Amino acid sequence: MSFKKKILCIGAGYVGGPTMAVIAAQCPEYKVTVVDVNAERIQAWNGDHLPIFEAGLLEVVRQARGRNLFFSTDIPGGIREADIIFVSVNTPTKTFGHGAGMASDLQHWEKTAHQIVAHSDRAKIIVEKSTLPVRTAEAMERILQENKKGIRFDVVSNPEFLAEGTAIQDLLHPDRVLIGSRPGESGRRAAEEVAAIFAHWVPAGKIIATNLWSAELSKLVANAFLAQRVSSINSVSALCEKTGADVDEISFAVGSDHRIGPHFLKASVGFGGSCFKKDILNLVYIARSYGLEEVAGYWESVVRINEYQQERFVRTIIDEMFHTVVGKKIVLLGFAFKADTGDTRESPGIHVARKLLEERALLAVSDPQALGNARRDLAGFSGQVEFEPDPYRAAVEAQALAVITEWRAYCDLDFARMFASMRKPAFVFDGRNILDHHRLFEIGFNVFPLGKPAMTHFS
Ligand code: NAD
Ligand code: UGA
């Protein structure tokens, strides 16, 4: 079969896999190939047990796989035949050298640029899908234009805004698709080619054209704004606990102002996920590198409040359980960084678990999707931690339940049954404010919500 265009995506991760699956499903006349250095991942994409858990993903993959969607480890072959190359490799925080702990580690990104040059024999459009520091495209262009073959490459920025757990819906119904390009005829044409892909299913008004640097920076700023809202409400939760105010009532009252809006105002044990912290730290690093210390400090505080909130949650558990958790069994209800995903990257659960284990607590970690990752995250603590998918079994002989992830199913648990099998006094620490606290108190639990008055049976 001959295809109208050939699209390649380098990087078959959380972004590359679902994004390309949706493009292939929506654009049957385009051949879409996803390549990765990780052969195991590619094998999983070609089977029924996909490497990531995402509602509706398997159906979309099945719709297009083998028709116009292909997963492969043949990176050179993929580059050679492609007209448009999306680069969706990971860009984690640097862990070494200059900028360690703050800047983006661009080694995977740069490697792909060299691979593209080595295996190309005609003009191509290169699309930045990964989240990158502003002006990365400039460095990319320099590497690409160094080719001795006289090949033209146009670099376009098309950052991704999908959230895990809702990736397919976000991709099918995006708030906007951002396409940043260079001024001039060639840049405009490249942007139009990329826009033409999304125009298959995204209304024209939602496809926004900007300059390259605005597209790159918008991505970092969008994540920083979202995380800032979570840190803002989490900072208020601490104040609520001191004053008797209720953080959920405040979220509702404040979010009812249409200028503020209701989203991302749910107090929590802290935000996690692979990107919020990494992208804010990157923003901080960039601001600082331009000498903008006040700007850097402003955004850095969003991360600091997040660390404070996680620490505060652990502190409450220890203090309220009579200042010691040595030998006490505590159940972590949830370990994923949010509901509807098995991803645990930067999950507050990791911090909470490690701190409690350092205090010599015994943990039972329960999660419907994330226990595989939890095992890896807590390797080295064997003997002190058990991994139990069934919350009822996890609760046997435990002294406390701590909600880390807002899985809907936790609201429907039979807490009277759990209470009956637990040691007394029994505690609930609700790090997501999802449970019925009055009912838990009536059952006999001592209840510690976030940003709300505690309910205890102690006189
Ligand atoms: P990921 O780690 O899940 O996937 C990246 C993949 O790239 C890995 O499978 C890795 O093996 C592969 N890779 C690395 N170097 C390669 C190379 N030289 N050749 C071929 N493959 C290579 O990462 P992700 O979560 O998909 O994130 C990718 C980018 O998208 C990041 O910049 C991230 O910030 C951004 N992003 C992520 C999300 C999200 O929800 N995870 C959302 C929006 C944007
Ligand atoms: C986030 C953004 O929402 C996406 O737009 C972006 O594309 C993505 O990062 C990225 O760049 O990787 P994601 O990390 O998947 O998506 O998850 P979110 O739904 O944004 O939640 C992030 C964290 O904030 C979670 O730990 C969540 O539990 C927490 N959160 C969110 C709260 O604590 N309170 C809220 O009100 C909302």
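This is a predicted model: local features need pLDDT of at least 70, side-chain atom pairs count only at pLDDT 80 or more; totals for chains, interfaces and linings use all residues.
## Ligand 2 and its shell

Helices here are DSSP runs of H or I with at least four residues, numbered from the N terminus. Which helix gives the most to the shell around ligand 2? It is α9, spanning residues 212-243, which supplies 3 residues.

There are 21 residues around ligand 2, and those that come nearest are K266, S268, F271, G273 and C275. Sorted by class, the shell around ligand 2 holds 11 nonpolar, 6 polar and 4 charged residues. Both domain 1 (5-202) and domain 2 (210-459) take part, each giving at least three residues to the shell around ligand 2.

Let us step back to the whole protein chain. Its domain assignment gives domain 1, covering 5-202, and domain 2, covering 210-459. Taken over C-alpha atoms, the centres of domain 1 and domain 2 are separated by 32 Å.

How many residues of each domain are in contact with the other? For domain 1 the number is 25, and for domain 2 it is 28. On the side of domain 1 that touches domain 2, the elements giving two or more residues are α6 (136-145) and β7 (177-181). Of these, β7 provides the largest share, with 4 residues. That side of domain 1 is made up of 13 nonpolar, 9 polar and 3 charged residues.

## Helix α9 meets helix α12

The crossing in which α9 passes α12 is left-handed.

By class, the residues of the contact of α9 with α12 comprise 6 nonpolar, 6 polar and 1 charged.

## Ligand 1 and its shell

Our last stop is ligand 1. Which residues come nearest to ligand 1? Of the 27 residues around it, they are G11, G13, Y14, S130 and T131.

Helix α5, residues 107-119, contributes the largest share of the shell around ligand 1, namely 3 residues. This shell has 10 nonpolar, 12 polar and 5 charged residues.

Note on methods
Residues are numbered from 1 along each chain as its sequence is written. Chains are lettered from A and ligands numbered from 1 in the order in which they are written. A residue is near a molecule or strand if its C-beta atom, placed from the backbone, lies within 6 Å of it. Ala, Val, Leu, Ile, Met, Phe, Trp, Tyr, Cys and Pro count as nonpolar, Asp, Glu, Lys and Arg as charged, and the others, Gly among them, as polar. Domain bounds come from an automatic or database domain assignment. Two residues are in contact if their C-beta atoms, placed from the backbone, lie within 7 Å. A crossing is left-handed if the near helix is turned anticlockwise from the far one by less than a right angle, and right-handed if clockwise.
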